[in-house]
Amino acid sequence: MPTYDYDLGVIGGGAAGLTVTSGAAQLGAKVLLIEKEPQLGGDCLHFGCVPSKTLIKTAAVYHQMQQAEHYGLPGIEVPPVDFASVVRRIRDVIETIQPHDSPERFCKLGAKVEFGHAEFTDEHTVRAGGKKITAKQWLIATGSSPAIPEIKNLEQVPYLTNREIFSLEKLPESLIIMGGGPIAIEMAQAFCRLGSRVEVIQRSSQILSKEDQDMADLLMHRLQEEGVTFHLNTTIKEARSNANLREIIYTDQAGNDQTVSGEQLLIAMGRSANVNHLRLPSISLAHDPKGIDVDRRLRTSHKHIYAAGDVTGAHQFTHAAGYEGGIVVSNAIFHLPRKTDYTLMPWCTYTEPELASVGMNEKAAQKAGINYTVWKEEFSGNDRSLAEGERLGQIKLILDHKENPLGVQILGLHGGDLIGEWVAALSGRVKLSTIASAIHPYPTLVEINKRVAGAVLSRKIFSAKVRKALTFFFNLKGRAC
Ligand SMILES: Cc1cc2nc3c(=O)[nH]c(=O)nc-3n(C[C@H](O)[C@H](O)[C@H](O)COP(=O)(O)OP(=O)(O)OC[C@H]3O[C@@H](n4cnc5c(N)ncnc54)[C@H](O)[C@@H]3O)c2cc1C
């Protein structure tokens, strides 16, 4: 029997790697975690979720200050944003969270942390920090990086990605954003609210192309009202640098060339899996630029090497990385053959209002050829939303032919929190009647969940048939007015 230095080696100290390291070490495995950056936490803590949500909150407060009159308060002249101070707040929040992801904490849990770039030398051996380390099993959790499209002259034009945008020295007077996904749209609203002139260039005919068009369009119109300009259906031709301006030249749907210019250019056009520099071809591990091939137990083409998180190219969210981490611990440490199931993977775009989803939307149901019905309720009928000053938003419930929920989308204040009830309900196969009859506190945004479930059922309860039966049995006298 060969002997190894460790039971499990983990490459990458982000959401997926940290979940597996902590779980496996607490279960008694001898675990080594290798991280190439000087600190643990990965993209989410340093260049993703945490800085973006902190920036979004700052932008929302600044926006609200300018909206004082909307709340019956005296209007005020708000001074311009000092972006250096915003960046300091972002750093503060990161530094507050960082101790949770410290090597000392993982050492207390029983795992060793090494810093250095890791690469495979054989199927059980990794070289990192000048050492060769062997492990019986490995996890590759190296995350993803911003995908940079091939655009003529782009290499000569300075641009930003999520790695630079949260540490700019000053607020750009104008910002071009290439891409229409969640990162692009969240940044568009935040920078526009902070005072930048923002123009979004998107290839397809809608933003957030995974979402149903009606939901995405409602959100896009809100951003337009706030001042964001959208260029949809574009074919990018070229990038240029002109004095202190960056320029993007694209061809519009009518075939005409258009130029968009701005002080800064943000590229947010998807992600590439971090598969290079691991020497994967040297151990013949199946992968492509989109990610490492895994089966439903997250095993790669070498069964003792697992991959989880963004590097698989599947669902690139922190909660997906955490979920996959749990699957790896089950398989690698418990030796229980647990498989991934992404049917109920929720996601949210953290604009204001937020756009959150779980399960199937109309696009997915149509693609799967499923017969479905749609039930909607508007936030303009939710007392709390009105009290909060927000009329925009809707919940959209998709039901199958037996009226079982297939999925829910919520565009509304705190939509990401409101979807939680549906995540639990759909996961536990809870009946709509349970949600409709459960007591929800008034006045809350979450009442919209009860209301949409109630709308489906009230059609049956308040039917002519029921009225007729009650009249017959209990001698009801009918309408009074
Ligand atoms: C701007 C932005 C906002 C986001 N907002 C959200 C959000 O609100 N909600 C959400 O769920 N998700 C969000 N995400 C996505 C989320 O950040 C990722 O899905 C998550 O970080 C993936 O975790 P991971 O462990 O797979 O990878 P990562 O967190 O990227 O960790 C991978 C780690 O591996 C290390 N590494 C790479 N190669 C090597 C090597 N050869 N040797 C050693 N170490 C290596 C890296 O340095 C990194 O620390 C956002 C992403 C971005 C960019």
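Trainee: Which residues of α1 are buried?
Mentor: Keep in mind that this is a predicted model. Buried means under 20% relative accessible area. In α1, that holds for Ala16, Gly17, Leu18, Val20, Thr21, Ser22, Gly23, Ala24 and Ala25. That makes nine of the 12 residues, so α1 is largely enclosed by the rest of the structure.

Trainee: What do the buried residues of α1 pack against?
Mentor: They pack against the strands β1 (6-11), β2 and β6 (131-140), plus the helices α5 (103-109) and α8.

Trainee: Now the ligand. Which residues are closest to it?
Mentor: Of the 36 residues around the ligand, Ala16, Glu35, Lys53, Asp310 and Thr318 are the closest. By class, the shell has 14 nonpolar, 15 polar and seven charged residues. Elements giving at least two shell residues each include α1 (15-26), β2 (31-35) and α8 (318-334).

Trainee: Which polar atoms lie 2.9 Å and 2.7 Å from ligand oxygens?
Mentor: A polar backbone atom of Ala16 is at 2.9 Å from a ligand oxygen, and a polar side-chain atom of Lys53 is at 2.7 Å from one. Gln316 also brings a backbone N or O atom to 3.3 Å from a ligand oxygen. As for cover, the ligand taken alone exposes 1,000 Å², and the protein buries 93% of that.

Methods: Residues are numbered from 1 along each chain as its sequence is written. This is a predicted model: local features need pLDDT of at least 70, side-chain atom pairs count only at pLDDT 80 or more; totals for chains, interfaces and linings use all residues. Side-chain values use heavy atoms; hydrogens and water are left out. A residue is near a molecule or strand if one of its heavy atoms lies within 4 Å of it. A polar contact is a pair of N or O atoms within 3.5 Å; within protein, one must be able to donate a hydrogen and the other to accept it, and residues adjacent in sequence count only if both atoms are side-chain atoms. Accessible areas come from the Shrake-Rupley method with a 1.4 Å probe; for residues, only the protein chains shown count as cover. Helices (H or I, at least four residues) and strands (E, at least two) are DSSP runs, numbered from the N terminus. Ala, Val, Leu, Ile, Met, Phe, Trp, Tyr, Cys and Pro count as nonpolar, Asp, Glu, Lys and Arg as charged, and the others, Gly among them, as polar. Buried means under 20% relative accessible area, exposed over 50%, partly exposed in between (1.4 Å probe, protein chains only). Contact means heavy atoms within 4.5 Å.
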